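Reader: I am new to this structure, and I would like to understand the words used to describe it. Could you take me through them step by step?

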Amino acid sequence: MVSFHGGHQVVTGSDAVPEHAKKLTKRLIDLAGPGERRFEIWDAELKGFGLRVEPSGIKSFILRYRPGGRRSAKRFVNLGRYGAVTPDEARRQAREHLGAVARGIDPAQERARKRAAATVGEAAQRFIDEHVVPKRKPSTIAGYRHAFDAHILPEFRSRQAEGVTRADVARLHHRLEARPATANYVMAVLSSFYSWCDRQGLVPEGYNPVTRLERYREQGRERYLTSAELNRLGDALREAETTGLSWQANESGPRAKHLAKVENRRTVLDPGAVAAIRLLILTGARLREILHLRWNEVDFERGLAFLPDSKTGRKTLVLSRAAIRVMEELPRVGSTFVIAGSNDEKPRADLNKPWKAVRRRAGLADVRLHDLRHTFASIGAGASLGLPIVGKLLGHTQPQTTARYAHLDASPLRQAADLIADRLEGAMGQDPTKSTHYCGLSPCEQFQHSRNTRRDHR
């Protein structure tokens, strides 16, 4: 049907562009007034690009195309309302869509798919329920849940999963800059989430906005107990299971007059809790490996504990004589677990309260339970037992994991340093090992004597 609006020829219901049609310009569009029915004005230069005018006067840019060639049905894509979108912007969109059609992509179908695409919140729930819970350990599940609830979902919950960009993720990462370990962990969780979404077809193939995002540098925390600190820890544990640890009270509180006498403000800790702390440091095991250890997994005759599951899978824990003595002093009646919990059939949940009391008494405010494992490893490395042996005791599956303790194995280095220094001193005309005033002194005493002598001569 051919009609005239504003002096310009308008064609509706035909694929052909009329001979006298013109390029859609702002002037032409402004002149196109509404009619009794909806009509379209088609562009003379770009086939399928047009303007739709409603009886209400609303004008929108559209694209008409056939996704499968001339024999396929016509499809329409709305490119935006005139005013919000300029003719040039609409023309650029139309060219992009026509390029997609040439590559076999249906723009209308793609838009419908995106409208139906899952949001991050919806996909995250499936990810946790279908992937994380059935396939990951409880501690990992808890970590993933916290990363989503505390950081990812507040930022992206209602966004479509495929609509989150690398710039969006980079902004989230930057906001966590003050906590680099947390920032990097959140990125690892988000990357795992998008890899799963890719496999499930919830995002375009290969889509992962976390890729190529540089992580923050993390400073590894190494805390080892000294001999003096170990001595204080031992005193605190003995006090905790005998006379009890003193507890702090608010002397100025509303119930202060009902407080027990100072000499009676002591609490004897549960023997199982004290035993668990001792086993952590005597075995180098992880917290859950001790709390979840069952009596039927312990072979006292061979001094081994066969753990069916750990952070690195099945594991054989070597029990020292000291660790066996700790276990033998525990009652075996009733509980399934070596460290009994409140329920005989369930493991103890944690050691937070008893450990806080013990470390407060020992003056170890900055020491975590996991640092007991590090201390076990540091003693082994410092005694030159060899990193492979230390790694086996700790249950490491990768040599590089144990390599963090390599700098503690200083015995060969100390021997080399002594050899070099002795030769240098000999070259300078001084041989401390043969001087008469060094006779009968140990190497440490010789070094101290030499340093004091040099200081006196200054």
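Author: Gladly! The protein chain exposes about 27,600 Å², and carbon and sulfur atoms supply 51% of that area. Please keep in mind that this is a predicted model.

Reader: How many helices and strands are there in the protein chain?

Author: The protein chain has 17 helices and 11 strands. Of its 458 residues, 39% count as buried. Among contacts with a separation of 6 or more, 55% are accounted for by residues 24 or more positions apart.

Reader: Why are helix 6 and helix 7 called roughly antiparallel?

Author: Start with the angle: the axes of helix 6 (residues 166-175) and helix 7 (residues 180-200) cross at roughly 150°. Angles over 145 degrees count as roughly antiparallel, and therefore helix 6 and helix 7 get that name. Their axes come within 8 Å, and helix 6 passes helix 7 in a right-handed crossing.

Reader: Which residues meet in this pair?

Author: From helix 6 come Val-169, Leu-172 and His-173, which meet Ala-183, Asn-184, Val-186, Met-187 and Leu-190 in helix 7. By class, the residues of this contact are 6 nonpolar, 2 polar and no charged.

Reader: What makes helix 5 and helix 7 roughly perpendicular?

Author: Again, look at the angle: helix 5 (residues 138-156) and helix 7 have axes that cross at roughly 90° and come within 10 Å. The range for roughly perpendicular is 65 to 115 degrees, so helix 5 and helix 7 are described in that way. On the helix 5 side, the contact includes Tyr-144, Phe-148 and Ile-152, while Tyr-185, Val-189 and Phe-193 are among the residues of helix 7 that take part. The contact of helix 5 with helix 7 has 10 nonpolar, 5 polar and no charged residues. Val-186 and Leu-190 of helix 7 belong to this contact, and Val-186 and Leu-190 also meet helix 6.

Reader: How do you know that helix 9 is roughly antiparallel to helix 11?

Author: Helix 9 (residues 271-283) and helix 11 (residues 321-328) pack at an angle of about 165°, with their axes 9 Å apart. That angle makes helix 9 roughly antiparallel to helix 11, since the cut-off is over 145 degrees. The crossing of helix 9 and helix 11 is left-handed. Ala-275, Arg-278, Leu-279, Leu-282 and Thr-283 in helix 9 meet Ala-322, Ala-323, Val-326 and Met-327 in helix 11. Sorted by class, this contact has 7 nonpolar, 1 polar and 1 charged.

Reader: Why does Ala-170 count as partly exposed?

Author: Ala-170, which sits in helix 6, has a relative accessibility of 29%. Buried would need a value under 20% and exposed one over 50%, so Ala-170 counts as partly exposed. The C-alpha atoms of Ala-170 and Leu-213 are separated by 7.1 Å, although these residues lie 43 residues apart along the chain.

Reader: And what makes Arg-212 exposed?

Author: Arg-212 has a relative accessible area of 73%. Since exposed means over 50%, Arg-212 is called exposed. Arg-212 is found in the loop between helix 7 and helix 8 (227-241).

Reader: What is phi of Arg-212 near?

Author: Phi of Arg-212 is near 65°, a positive value in a residue other than glycine. Most residues other than glycine have a negative phi.

Terms used:
Residues numbered from 1 in each chain as written. Predicted model: local features only at pLDDT ≥ 70, side-chain atom pairs only at ≥ 80, totals over all residues. Heavy atoms only, no water. Axes fitted to C-alpha atoms, helices over the stretch in contact; angles between N-to-C directions. Helix = DSSP H or I, 4+ residues; strand = E, 2+ residues; numbered from the N terminus. Parallel < 35°, antiparallel > 145°, perpendicular 65-115°, else oblique. Left-handed = near helix turned anticlockwise from the far one by under 90°. Contact = heavy atoms within 4.5 Å. Nonpolar A, V, L, I, M, F, W, Y, C, P; charged D, E, K, R; others polar. Buried < 20%, exposed > 50% of the residue type's maximum accessible area, 1.4 Å probe, protein only. Areas by Shrake-Rupley, 256 points an atom, 1.4 Å probe, with all protein chains shown as cover.
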